[in-house]
Structure formats: C-alpha cells, structure tokens
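Good morning, everyone. Please have the model up on your screens. I'll walk through the overall fold, then a few residues.

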Amino acid sequence: MSNWQELESKYFMHTFERIPLTLVRGEGARVWDEDGREYLDFVAGWAVNSLGHCHPAVAEALTEQAHTLIQTSNQFYTIPQIQLAELLVQHSCLDKVFFSNSGAEANEGAVKLARRYGQHHLNGAYEVISTRGSFHGRTLGMVAATVQNKHQQPYLPMPSGFVNVQYNNIGAIMEATTDITCAVILEPVQGEGGVNLPYGGYLAAVREWCDEKGILLIFDEVQTGVGRTGALFAYEHYGVEPDVMTLAKGLGSGVPVGAILAKERASVFVPGEHGSTFGGNPLACAAAYATLKFIIDNDISDNAREVGCYLFDGLSWLKRRYSFITDVRGIGLLTAVEFASDIAMPVVMKCLEKGLLANRLRPNVLRFMPPLIISNAEVDEALGILDTVLADFVD
C-alpha cells in the first residue's frame, strides 16, 4: 500500500470499496499510476470521461474560462451557461434546461418538477413510478426511487411518493398508476442495474400510457446520454421522446455538471421554486459546451456506435470461447459480460495486473464503458487482456 492509500484510510470516510491503485495522470483512454505504470481505461470515470482523459478541447476551455470567470451565482446571466443550454435544446427534443452539479441532483430536480406539474395539472398528484433495477442517485429521495435493496436498506424508512414496479413490464406501470400519479421515471437502458435493455415496444408503450393518463415521462439519461449508446441520446434509438430528461456524467467529460431538460409544457418551475448555487457555473458550462460541441461536430456518437459494435462482437466471441460467460449485452459503448458464478472481482483484479481497468457491476457481471473516442485497436488490446485473464478461470 502506498502512503496515499494509508492517508486515505486515515482521513476519508469509508464509503468506497476502492481498487488498490493510485492514479496520477491520464491521456486519452490511458492512465498512469504513481509508479509510472500504464493502464488502458475501460471504466472512464464510471462513463464520465466521454472524450477520454484531459482532452485538449476540454482542457483548453477550462483554462480559458478559469482565467476569465469561474463563479457568479445564478443571480446573474453568464454566457457559457446560455451557450450550453442553446446547444442542448438545438440537438434534443426538449425546450428548456436547468443545470445542476450531478446526476442525482438532476433527478431530484426532475421529480420536483413532476410534482409541481402534478399540482398545476393533475389535481395535486405527486407520486412517481420507478422500476426495479434502476439507479437514480445517492440522495435520500433518489435512493427511494432507486429500486435496489442494497441502496435502500441502510436508510429505512424511505421517503414516500415513489411506487416501484418491474422493469420491462408495461402492465406493472399501468396497474400502479392511480389518480395521485404524476410521472414515470425510467432509464432507457438500465446502467447500474446490469446494462439491461428495454424489450421491443416497451418504451413506446410507456409513452403511450403516459399520454393517455396525462402524466409525465422522465428519462434518466445520466449514464446513457451524450453519445454513450451510439446516438446523442438513447431515446433516439427507440423513437420515443420524453417530457423530461436528465443528464450528467459524460456531459462535462470529467467536470461535474448535470442538467434537467424539459418540454415547454412540462417546464412549470417559476422563480424561487428551484435553484443551485454552483449549478451552471461558467467553468462547468464552458467544459460541457466544449465537450458537447466536440462530440456533435466530430460525430463521436457514430464512433461509439461503430466501435461499440466491434467491442460487442469481440465479447461475443469470448462468450463462445468460454462457457462460463452466460451473457453479453449492451448498446454503443455501454456493455456488460455476465458470468455463471461470482468471479467478476477476481477477473477485475487480474485485468488490473495486466494493465486493463474494468468495472465489477455485480458479483457476476463486468461492465465496460470506455471513452467514446476509443479505437478498434484499443478494443483489440483490451479483448486480448481479457482473453488471457479468462483462460485462467477455465476448469
């Protein structure tokens, strides 16, 4: 253990089960530890580093903005915030934007917006339907919306106002809808829940049901948005437009920023009903604008789609090679490998030894979410390491 790791255990709350690796530098899809050893990064800050580490477009935007204006509060207008809002609206199906600092804050704000909509248009309806296997953040309200026992159990009782139903089951949503329902919140593709894709027609059926009942459809695209799935936003794959969408993670390519986007009719906040001290500050918005503009201008979503297919094909080949791989699933550069037994963590650690960073999603599931600028050659490198590692698990 390095001295940095000893200091962490002394001073930092024990909230993370960390990999014993201290990273000090990154460039593109690679990082280096304090001893100078190089690693290929297929974690990308938990799907955050959309343009990789220290991308010039982001670094230059941060440098220029840091020398110009960092924080003013939302008492005043600032140019980077307005530029980013305009770019998001121009390239999405939504009309209005609010900026936060994280995905959890964006989802909290989206639920507040839905409740306010319920007061205005649904006779005070306030309940939100969410789905099992979802993950919407770590605030207490979003833990209530996140239907995973491991996240809820330590903090019982949960705040009221959420009804949890089975994912990929339109009948469950229909049955749970009452006269106090104001919205349904869904991840188009469940990330933390296992990289679970929607069944054909599921999202369209939810959209139709929400329209029939006059309730809002919220898409949590914190993990799937900004090119991760091979489209700028995951809803584009399914031809289903949300009333409200949340973003974070890859939006700032490493800089903390989140966003709530809403259709005009759902944008019911008035001054004083929602806010943020740091949300939408010039520094974060400059980084996010540079990130989003680079992704749009350089067709990075297409790269995520094409290289994502290449990665999926490679992982599928490994599935045919190793019988203990029971499933490969994903879309774009968000992919999971499921094993027949709980070997995910040992696989992660052996990959680490050979210079590949991977993510244990569940005891028997690995997740790969490399930067969107990853190349086929780097995918080949990662697959080669994974192949070598998996060979050690053959009986």
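The protein has 14 helices and 15 strands. Both are DSSP runs numbered from the N terminus: helices are H or I with at least four residues, strands are E with at least two. The radius of gyration is 21 Å, close to the 21 Å from the globule rule for 395 residues, so the protein is as compact as a globular protein of that length. That radius is taken over C-alpha atoms, and the rule is 2.2 Å times the number of residues to the power 0.38.

A word on the source. This is a predicted model, where local features need pLDDT of at least 70 and side-chain atom pairs count only at pLDDT 80 or more, while totals for chains, interfaces and linings use all residues. Residues are numbered from 1 along each chain as its sequence is written, and side-chain values use heavy atoms, leaving out hydrogens and water.

Back to the fold. The C-alpha atoms fill a box of roughly 60 × 55 × 45 Å along the principal axes. Of the 395 residues, 55% count as buried. Buried means under 20% relative accessible area, exposed over 50%, partly exposed in between, with a 1.4 Å probe and protein chains only. Now contacts, meaning heavy atoms within 4.5 Å. Take those between residues at least 6 apart in sequence: 70% join residues at least 24 apart.

Next, Arg228. Where is Arg228 found? In the loop between β8 (216-220) and α10 (235-238). Arg228 is buried yet has no salt bridge. A salt bridge needs a side-chain nitrogen of Lys or Arg within 4 Å of a carboxyl oxygen of Asp or Glu. The nearest side chain of opposite charge, Asp41, is 9.3 Å away. Instead, look at Met369: the Arg228 side chain reaches its backbone oxygen at 3.4 Å. Beyond four places in sequence, Arg228 also touches other residues, including Ala47, Ile331 and Pro370.

Now the cysteines. How many disulfides does the structure hold? It holds 0. The cut-off is a pair of cysteine sulfur atoms within 2.5 Å. For Cys93, the nearest cysteine sulfur, that of Cys210, is 14 Å away. Cys93 counts as buried because its relative accessibility is 12%. Cys351, at 1%, is buried too.

Last stop, Ala172. Ala172 lies in helix α8, residues 170-176. Its relative accessible area is 16%, so Ala172 is buried. Setting aside neighbours within four places in sequence, Ala172 is in contact with Val165 and Gln166. Phe233 is 61 residues from Ala172 along the chain, and their C-alpha atoms are separated by 26 Å.

Terms used: Lys and Arg count as positive and Asp and Glu as negative; His and the chain ends are not counted. A polar contact is a pair of N or O atoms within 3.5 Å; within protein, one must be able to donate a hydrogen and the other to accept it, and residues adjacent in sequence count only if both atoms are side-chain atoms.
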